[in-house]
Amino acid sequence: MLSLKNVGKRFGSLTALDAVGFEVGAGEVVGLVGDNGAGKSTCVKIISGMFQPSSGHIDFDGQPRVWASPHEALDAGIETVYQDVGLASHLSVDANIFLGREMKLPGLLGRLGFLDNSGMRSAARADTHRIGIRLPDVGAAVGDLSGGQRQAVAIARSISWARKLLILDEPTNHLGVAEVEEVLRLIGRVRDQGVAVMLISHTLPHVMAVTDRIVVLRLGRVVAQHVTKETTTAQIVHDIMGASEEEIAAHVR
Amino acid sequence: MLAFAETLVIITGGIDLSVGAILGLSGIIGSLVLVTLTTADHSLTAGLFAGVIAAMLTGLLIGLGNGLMITRMRVTPFIATLAMLGIATGLTFVLTNGVDVSGLPPVVATLGNAVFLGVLTVPIVVTAVIGIVVGLYLHRSQFGRWTFAIGSNARAARGAGIPVSRHLVKVYVLSGLLSAAAGILVVMRLGTGSPLEGSNDELNAIAAVVIGGASLFGGVGTVLGSVLGALIIGTIVNGLIVVGVQPYWQTVIIGVIIAVAVMLQERGRQKEAA
Ligand SMILES: Nc1ncnc2c1ncn2[C@@H]1O[C@H](COP(=O)(O)OP(=O)(O)OP(=O)(O)O)[C@@H](O)[C@H]1O
Ligand SMILES: [Mg+2]
């Protein structure tokens, strides 16, 4: 369904991604792992339209696509929880859940752009209830929530909109043990509805528990791909760190 | 009226230093068009119509210039609108040589100063109506929601699929249009086009918006608050004149008000972060 081919991304003289290629099938849960700075979040942002690749291309549903903006990726059914983007903290929970896709009033007022706030509020309540995520009142400003609650809002938002692919970049940051269990369970449910999931995480036991396949990035390159059932945590750690210390030393220099 | 324009821009986390200069330039251009057309024997209504269009077009183009500089060339709002302040003020004096544009048909001043229902004038009514429309639009529409979202977290807004750059251009264009409308109203009140109008008005507008509770860091603000802010500043300024303080002190005091308000905001923010 999604396939990256030779995708490269440079920031000035720094090569964040170098000829990255991997695939995500429909309804598949793929883990993307790697050390800090390996290029995972950069890869996420290229798939979600936040960044444009410097080279290579992306096929989505059999079509070569390069998103000019996140808007286009969202339209295609790709939802993303970013590691470092967050929510609009001055807006309420429901305003954030519907951000960019607001419900409008019926009739002329709606055509003039006026919002159906009560409609969005009850829909947001129903959505979060259906997903089974525990949230504070949807009318609360996001800035008044705890880090974990905010993360829950971001996850609820993307799960309720995802049609084809859900990308979660370190979604379990800030979460307590119970909430982490919750997120992992939700990933399974999303997959059961036929939506593919990309999970980025440093917590390998989580990745081992919920993924079908694991892609390992190191210094901007894909260095290994494993079927989760056929590999071990030790193997993944080895791939993440690299075969030899010299290689890392060479890069640092 | 300028405070409405400034409210929109400040909520996005930007600032528009050119509102006063736009007021001045669009008033002058509107007046020049009107005078030229009526002396060239065109009908009065055609002249009035063309004058209003010319003034609004001036505001639109300057706002567009601001918006494009900020989104395309990535100039900070402060610098971009400061440049426009210079350009517009300069053009105002180039066009007038510093002299008032006189010879406007008397109907302008008549319309601008006619009092009905005891206290209301056309400029007051127009300002109130525009204020209500802008307020409703800002606080109830998708346009307004996106304006707050961008000021709150522009990257989150982009990630949610909002066309952030396009929206910012619209906000600066709207600011230009509102400032131009203010320019027209001032000409109506005075009956002449004065090149001095609008100078330092950005200071009053920013002060009104900040006192009205908007945050210069973006994401917070209301039209109603800005109206109250403008009333408070008006009261302070009038009070000072009444007690006999020299009018030259006005801008000093307004500057101090802005500084204090921003200091309090920064304190509040640090407390929140702690
Ligand atoms: N906007 C940017 N401008 C310049 N360099 C960037 C930018 N974003 C990322 N980089 C660089 O690209 C490289 C990859 O960063 P990236 O955030 O993708 O890593 P990551 O694998 O997500 O790391 P982490 O596990 O810490 O989240 C890093 O060297 C980083 O400094
Ligand atoms: Mg990352």
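User: Let's start with the greasy part. How many residues does the largest nonpolar core have, and which have the most contacts inside it?

Analyst: A nonpolar core is a set of buried Ala, Val, Leu, Ile, Met, Phe, Trp, Tyr and Cys residues joined through side-chain atoms within 4.5 Å. Buried means under 20% relative accessible area, exposed over 50%, and partly exposed in between (1.4 Å probe, protein chains only). Here the largest core has 54 residues, and Leu91(A), Met1(B), Leu104(B), Ile162(B) and Leu178(B) have the most contacts inside it. Several helices of chain B give it two or more residues, including H1 (2-11), H2 (19-39) and H9 (164-190). H9(B) provides the largest share, twelve residues. Helices (H or I, at least four residues) and strands (E, at least two) are DSSP runs, numbered from the N terminus.

Keep in mind that this is a predicted model, where local features need pLDDT of at least 70, side-chain atom pairs count only at pLDDT 80 or more, and totals for chains, interfaces and linings use all residues. Residues are numbered from 1 along each chain as its sequence is written, chains are lettered from A and ligands numbered from 1 in the order in which they are written, and side-chain values use heavy atoms, leaving out hydrogens and water.

User: Okay, now the metal. What coordinates the magnesium ion?

Analyst: Look for donors: N, O and S atoms within 2.8 Å of the metal (3.2 Å for Na, K and Ca), with water not among the atoms, so sites may look incomplete. In this model, Ser41(A) through OG and Gln83(A) through OE1 coordinate the ion (ligand 2) at 1.9 to 2.0 Å. The two sit 42 residues apart, with Ser41(A) in helix H1 (40-47) and Gln83(A) in the loop between strand E6 (78-81) and helix H3 (93-97) of chain A.

User: Is Ser41(A) buried or exposed? And what does Gln83(A) count as?

Analyst: Ser41(A) is buried at 17% relative accessible area, while Gln83(A) is partly exposed at 38%.

User: Which residues are closest to ligand 1?

Analyst: For a shell, count residues with a heavy atom within 4 Å of the molecule. Ligand 1 has 15 of them, and the closest are Gly37(A), Lys40(A), Ser41(A), Thr42(A) and His202(A). H1(A) gives the most, three residues.

User: Where are the polar contacts to ligand 1?

Analyst: Between proteins and ligands, look for pairs of N or O atoms within 3.5 Å. A polar side-chain atom of Thr42(A) lies 2.6 Å from a ligand 1 oxygen, and one of His202(A) lies 2.8 Å from a ligand 1 oxygen. Gly39(A) uses a backbone N or O atom instead, at 2.9 Å from an oxygen of the ligand.

Note on methods
Polar contact = N/O pair within 3.5 Å; in protein donor to acceptor, adjacent residues only side chain to side chain.
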